[in-house]
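Here are my notes for a colleague who is opening this entry without having seen it before. Please read the points below with the sequence and the model side by side.

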Amino acid sequence: MIPKVFREVIDLGDGREITIETGKLAKQAHGSVVVQSGKCMLLCTVVSNYQQNDVDFLPLTVDYREKFAAAGRYPGGFFKREARPSDGEVLTMRLVDRVLRPLFPKDYHSETQVMIQLMSHDENVMPDAMAGLAASAAIQLSDFPFECPISEVRVGRINGEFIINPTRAQLEESDIDMVIGASEDSVMMVEGEMDEISEEEMVEAIKFAHEAIKVQCQAQVKLAEAFGKKETREYEPEREDEELAAKIHEMAYDKVYAVAKAGSSKKERGAAFAEIKEEIVSTFSEEELEDFGGLVSKYYAKAEKTAVRDLTLNEGLRLDGRTTTDIRPIWCEVDYLPSTHGSAIFTRGETQALATVTLGTSREANQIDMPSYEGEESFYLHYNFPPFSTGEARPIRGTSRREVGHGNLAQRALKGMIPEDCPYTVRVVSEVLESNGSSSMATVCSGTMALMDAGVQLKKPVSGIAMGLISDSETGKYAVLSDILGDEDHLGDMDFKVTGTADGITACQMDIKVKGLSYEILVNALKQAQDGRLHILGKLTDTIDNPNSEVKPHAPKMVSVTIPGDYIGALIGPGGKVIQELQKETGTTIVINEDPVTEEGLVEILGTDQVGIDAVLAKIDAITFKPKVGETYEVKVVKILDFGAVVEYTKAKGNEVLLHISELAWERTDNVTDVVKMGDILEVKYFGIDSRTRKEKVSRKALLPRPPKPEHKQKQGTDNK
């Protein structure tokens, strides 16, 4: 039986379109769609169990995978099978999860799985920009309790013109690369990197993206209506008790407000709040607590959140006693670790990051091997968030999605400031040692200083700040919070991180938790973030104002030279013998990359000892030395033979040529040693390849004055005539 297929088409302009289709594939899933643009096809399926889990959160899993077959390729590795997700796939999962999760009811706790798979790849279409659309469209065809359709788009800007879902080639020319997630009436998520743009330009890009998202949301509604929108499933909601909620609010609110207003440390504040909660719990009998289940804790948390928010909105004060614009105390230090190539500590309040820099050759570049993209990164940043940084003990099971996401944000913040002619592969590692509010922004700051300490000639220093928002839709009051605490991240309506130089924004990450946030508030928030960024930037430059002019004595020096492609084999030697012996003798690392266009060889020489680097350069000069016909060269006698002397060019040691006995002098030479001896330095003229012997010819006598012919020979010749 031929399946009935339902389809909606979205026009992107410029002859491009996105098609959403359902009814053909994966019909046992609770919702499934194929989203296609060009030859790029994503299959998205969604399933949610009908049983509610006994947890107080939504167990939602968003999984995005790219199949190598989609690009006509084999997976790497021994088993030739897709394995753990790449960082690129993890980042796409996070982009989708952050927009979907807030739109499920807070009391919906069924195991829910969203699977997005790249089934066909098009090099002119970046699939991650369509993943949010695919996820939302599949959910619209299901019976899940989900608030409204959403979508995500990428926005770029070339020559002042905004573009929706640009190609990877277009992104190379773009000064903006942002992914925006939104519903028809509200922007919910922003993430991306920029080339030092202004706050107003960033908001204009968001507005432009939102208009395109509205069209995509409407297309999902039309598809669901045509397909036959299912009735939303019924589920067992969480128990509510308004009388109990009011009672606990009355018992907790004033006490929490007083503790919050006192402006204490995280530890003291946590202990005080725990004491208030324990006091409230103690007023109930064991039977009542058992009957209420977790409602007492739930309503206490709600009262605590309300009191803290009200303190900020009413009095402009925060949990640690700061005003809305205050930045916590900052101290910094560079060159802390004696053996690293660069290091820096950045401490802001109760958040601390220790960054290290390692310099290497192109061999250490980070290889990216995805079906949708192959390449390498010569600058990359890794972020580690151990449990002790928040005073916790928990299992460590590899790099978390959060660590991948925060590291990527810091990397995007800094990478535009790495000079194009930086000869090194640069790796930055951020070790978060304490955390109470935006360790990713602390990573940007410590990373900036560590790079300058390592002697990487950053174009400009970069700083970052995490901001928050508390708003009241009824009164219209709102407060933008600079440098938020961890607690403020949870209780606020928006948290956004902004990085940049003194001249503009380089990266951002934003999650908006309230509907219909006005662009006016957003601009004001970004302006306040700019003030905070510049304040922090001043602290960084007070510590180290310019990159060190040289790398550290123990750090490797890098020299790059280009050689003709014909000499690459000679430098490597048979089986790598020449290059391996040269590295061993000089204590250097030598990497050779051939340019596929020019066919020249780029030789990278890395070493801590300049003498060793100079020895490698001399060897390269010797191997690639090619004398010119008619030029004069200084040579050294290195071997005496019966029929001549083997001489070595002094400017190219190891490059030898035969000086024939007949070319030593104008006079007849019976013994080579009558004219030259071992170790003699002399000059010769180069004549190129001799047509008779087919060997290189050099001559000493050609540089000597030619003696006159003997007189008796001349006279004898005249008499004979």
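1. Tyr380 stands opposite Arg427 in S17, and strand S17 (residues 425–434) pairs with S16 in the parallel sense over 6 bridges. Strands are DSSP runs (E, at least two residues) and helices likewise (H or I, at least four), numbered from the N terminus, and two strands pair if DSSP finds at least two bridges between them.

2. The model is predicted, so local features need pLDDT of at least 70 and side-chain atom pairs count only at pLDDT 80 or more, while totals for chains, interfaces and linings use all residues. Residues are numbered from 1 along each chain as its sequence is written, and side-chain values use heavy atoms, with hydrogens and water left out.

3. The open sheet has 5 strands in the order S11-S12-S13-S17-S16, with mixed pairing. Strand S11 (330–334) and strand S16 (379–384) stand at the edges with a single partner strand each, so one side of each is left without a neighbour in the sheet.

4. Elsewhere, Asp177 lies in strand S9 (residues 176–183) and is buried, with a relative accessible area of 14%, where buried means under 20% (1.4 Å probe, protein chains only). The side chain of Asp177 makes polar contacts with the side chains of Arg154 at 2.8 Å and of Arg412 at 3.3 Å; such a contact is a pair of N or O atoms within 3.5 Å, of which, within protein, one must be able to donate a hydrogen and the other to accept it, and residues adjacent in sequence count only if both atoms are side-chain atoms.

Definitions and conventions:
Buried means under 20% relative accessible area, exposed over 50%, partly exposed in between (1.4 Å probe, protein chains only).
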